[in-house]
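Work through the exercises below with the model in view. Try each task before reading its solution.

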Amino acid sequence: MVGTHMAGLVIGLTGGTGTGKTALAGYLRRLGAAYYSVDAAAHVLYARDRGLVDRLVRIFGPRVAGPGGVDRAALGTAAFGSAGALSRLNAAIQSPLRREARAAIARMRLRHRVTVVEAGAILFDLGLAPLADRIVVTRCGSAVRRRRLARRRGMRAAEVCRRMAILRPAESRMLAAARRCRRARLVETGGSPESLGALAVRLMGEGYGLRAV
């Protein structure tokens, strides 16, 4: 409680790459939800956490260092070199990112009626699931995901498939954890933008005891 205001609701938003998490979050924001992006928080850490920058340089070499901390493009190329490289990146950033996210979520819960926390496929790996009152897991078919990734990132089909394969272990862990979590709800997001908008209205309505603003 803060004064006479009840603490707000936190919705964790997780799912595989290309499953429409960010698009769905956009519709939820239009309906009045506050928004926290774990990916954006990581970008802030790349710029300001000198210890993290030094750690990433030790892991991936000087090519990932940039004038403002980490060269994100170079880091992305290095991290997606293999599943092992991506695991090393996640292990390096997990602790500082968890601290940042936990503090931010606690603040936002006190300030907003509804907060959406988008955390890629690592909501459970980061230990953020216990902070969420409800968890929404986006999923859709592989063909839809490949088309979305190719369109959004301008990658060739072979590169899209390679990256999806590298991400598969983390996504499999996420789905397994979601199926064990009674607060998690899997939602299909392979339809049109209009269908995502309608889904957002439902999520802000009867499904979670909320009403669209």
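**Exercise 1.** Decide whether Glu 159 is buried, partly exposed or exposed.

*Solution.* Start with the cut-offs: buried means under 20% relative accessible area, exposed over 50%, and partly exposed in between (1.4 Å probe, protein chains only). Glu 159 has 23% relative accessibility, so Glu 159 counts as partly exposed. Its place is helix α7, where Arg 162 also lies, three residues apart, about one turn of the helix. Helices here are DSSP runs (H or I, at least four residues), strands likewise (E, at least two), numbered from the N terminus.

This is a predicted model: local features need pLDDT of at least 70, side-chain atom pairs count only at pLDDT 80 or more, and totals for chains, interfaces and linings use all residues. Residues are numbered from 1 along each chain as its sequence is written, and side-chain values use heavy atoms, with hydrogens and water left out.

**Exercise 2.** Find how the side chains of Glu 159 and Arg 162 meet.

*Solution.* Apply the salt-bridge rule: a side-chain nitrogen of Lys or Arg within 4 Å of a carboxyl oxygen of Asp or Glu. The N to O distance for Glu 159 and Arg 162 is 2.9 Å, a salt bridge. Next, check the surface: Arg 162 is partly exposed, with a relative accessible area of 33%. Then look for shared partners: salt bridges join Glu 159, Arg 162 and Arg 163 into one network. By the rule above, the count comes to eight salt bridges.

**Exercise 3.** Compare where the partners sit in two other pairs, Arg 50 with Asp 54 and Asp 133 with Arg 109.

*Solution.* Take Arg 50 and Asp 54: their side chains form a salt bridge at 3.3 Å, N to O. They are four residues apart in helix α3, so about one helical turn separates them. Now take Asp 133 and Arg 109: their closest N and O atoms are 2.8 Å apart. This pair links distant parts of the chain, 24 residues apart: Asp 133 is in the loop between β5 (114–118) and β6, and Arg 109 is in helix α5.
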